[in-house]
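Subject: Structure handover

Hi,

Here is the structure I promised to pass on. Please open it alongside this message.

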Amino acid sequence: MKRLSQLSRSITGNVAVITGAASGMGKATARLFADEGARLAVVDIDEAGLQTLAEELTAAGADVLP
């Protein structure tokens with residue numbers, strides 16, 4: 001079947017703001033978006049957890065702004 005939409009769904013190079021990124025669904029979303037090539041701005045009230053995530057993603061080659 002031919003696709004109706006011809007738009008790209010790629011997030012590579014786009015900026016994503018992820019809230020609640022230090023744990024749970026926010027962390028999983030940040031990892032997924034980073035894996036898909038998005039540039040990330042991550043936010044959370046858990047500063048230590050956020051810093052750990054930012055270091056992990058940066059070490060894996062992601063572009064992250066905590």
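Below are my notes on the strands, the crossovers and the core.

Please keep in mind that this is a predicted model.

Strands first. β1 and β2 run parallel and pair over 5 bridges. Along this pairing, Thr19 sits opposite Val43 of β2. To get from β1 to β2, the chain passes through α1. That β-α-β crossover is right-handed.

β2 also pairs with β3, which covers residues 64-65. These two strands are parallel as well, joined by 2 bridges. Here Leu40 faces Val64 of β3. With α2, strands β2 and β3 form a β-α-β unit, again right-handed.

Now the core. The largest nonpolar core has 15 residues. Which of its members touch the most others? They are Ile18, Ala21, Ala30, Leu40, Val42, Leu57 and Val64. Four elements each give at least two residues to this core: β1 (15-19), α1 (24-35), β2 (39-43) and α2 (47-59). The largest share comes from α2, with 4 residues.

What does Ala30 contact, leaving aside neighbours within four places in sequence? The list is Ile18, Leu40, Val42, Leu53 and Leu57. Of these, Ile18, Leu40, Val42 and Leu57 are, like Ala30, among the core members that touch the most others.

Best wishes

How values were computed: Residues numbered from 1 in each chain as written. Predicted model: local features only at pLDDT ≥ 70, side-chain atom pairs only at ≥ 80, totals over all residues. Heavy atoms only, no water. Core = buried A, V, L, I, M, F, W, Y, C linked by side-chain atoms within 4.5 Å. Buried < 20%, exposed > 50% of the residue type's maximum accessible area, 1.4 Å probe, protein only. Contact = heavy atoms within 4.5 Å. Pairing = 2+ DSSP bridges. Right-handed = clockwise from strand over helix to strand, strands pointing away.
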